[in-house]
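Subject: Structure for you to look through

Dear colleague,

Here is the structure that I promised to hand over.

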Amino acid sequence: MHVAGTAPIMPGDADPPVEPYAQMRRCLEIVASALAEAGAGMEDVVRTRVYMTDAAHAPEVMRAHGEAFAAARPACTGVVVGLLDPRWLCEIEVEALVPNE
């Protein structure tokens, strides 16, 4: 399963949190929900790509990533980029192996 780029989008287009850690936690909540809909979980993730607008955000962004994927320990690539919404500091996409039923 592929979960496309997931940004810290808030209900009603509210402003996302201003801290990189909180933004990545929001991204991961959205990812977890998408995985659950497909019958998978965070433990099934095998690869992630993390996009950040500033390398200085890496410690906090990756702290959230590490907490979410402590059991799975997926391969991870981090890239510094510009994102579509200037409020976003990070975004993530993931690949997971969905368990057979």
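**Salt bridges**

D13, D15, D85 and R87 are linked in a network of salt bridges, a salt bridge being a side-chain nitrogen of Lys or Arg within 4 Å of a carboxyl oxygen of Asp or Glu. Before going further, please note that this is a predicted model, in which local features need pLDDT of at least 70 and side-chain atom pairs count only at pLDDT 80 or more, while totals for chains, interfaces and linings use all residues. Residues are numbered from 1 along each chain as its sequence is written, and side-chain values use heavy atoms, with hydrogens and water left out.

One of the bridges joins the side chains of R87 and D13, with 2.9 Å from N to O. R87 lies in the loop between β3 (75-80) and β4, and D13 in the loop between β1 (2-6) and α1, so this pair ties together parts that are 74 residues apart in sequence; helices (H or I, at least four residues) and strands (E, at least two) are DSSP runs, numbered from the N terminus. R87 is partly exposed, with a relative accessible area of 26%, whereas D13 counts as exposed at 53%. For these words, buried means under 20% relative accessible area, exposed means over 50%, and partly exposed is in between (1.4 Å probe, protein chains only). D13 also has a phi near 55°, which is a positive value in a residue other than glycine.

Two further bridges lie within helices. In helix α1, R26 and E29 meet in a salt bridge of 3.2 Å, N to O, and, being 3 residues apart, they are separated by about one helical turn. E29 is partly exposed, at 46% relative accessible area. In helix α2, R63 and E60 are likewise 3 residues apart, about one helical turn, and the closest N and O atoms of their salt bridge are 2.6 Å apart. Both are partly exposed, R63 with a relative accessible area of 38% and E60 with 32%.

**Rings**

What does the charged end of R63 sit over? The answer is the ring of Y21, whose centre is 3.8 Å away; a charge sits over a ring if NZ of Lys or CZ of Arg is within 6 Å of the ring centre and within 35 degrees of the ring normal.

**The nonpolar core**

In soluble globular proteins, nonpolar side chains tend to be buried together. A nonpolar core is a set of buried Ala, Val, Leu, Ile, Met, Phe, Trp, Tyr and Cys residues joined through side-chain atoms within 4.5 Å. The largest one here has 18 residues, of which M24, L28, V31, L35, F69, I92 and V94 touch the most other members. At least two residues of this core come from each of α1 (20-37), β2 (45-52), α2 (58-68) and β4 (90-96), and α1 gives the most, with 5 residues. If neighbours within four places in sequence are left aside, L28 is in contact (heavy atoms within 4.5 Å) with M42, A64, H65, A68, F69 and I92.

Q23 has its place in helix α1 and counts as buried at 0% relative accessibility. Not counting residues up to four places away in sequence, Q23 touches P8, P16, P17, R87, W88, L89 and C90. A96, in strand β4, is buried as well, with a relative accessible area of 4%. With neighbours within four places left aside, A96 is in contact with M1, L35, D44, V45 and V46.

**Cysteines**

How many disulfides does a search of the whole structure find? The search finds 0, where a disulfide is a pair of cysteine sulfur atoms within 2.5 Å. The sulfur of C27 is 4.4 Å from the closest cysteine sulfur, in C90, which is too far for a bond. C76 is in no disulfide either, the nearest cysteine sulfur, that of C90, being 12 Å away. C27 counts as buried, at 0% relative accessibility, whereas C76 counts as partly exposed, at 33%.

With best wishes
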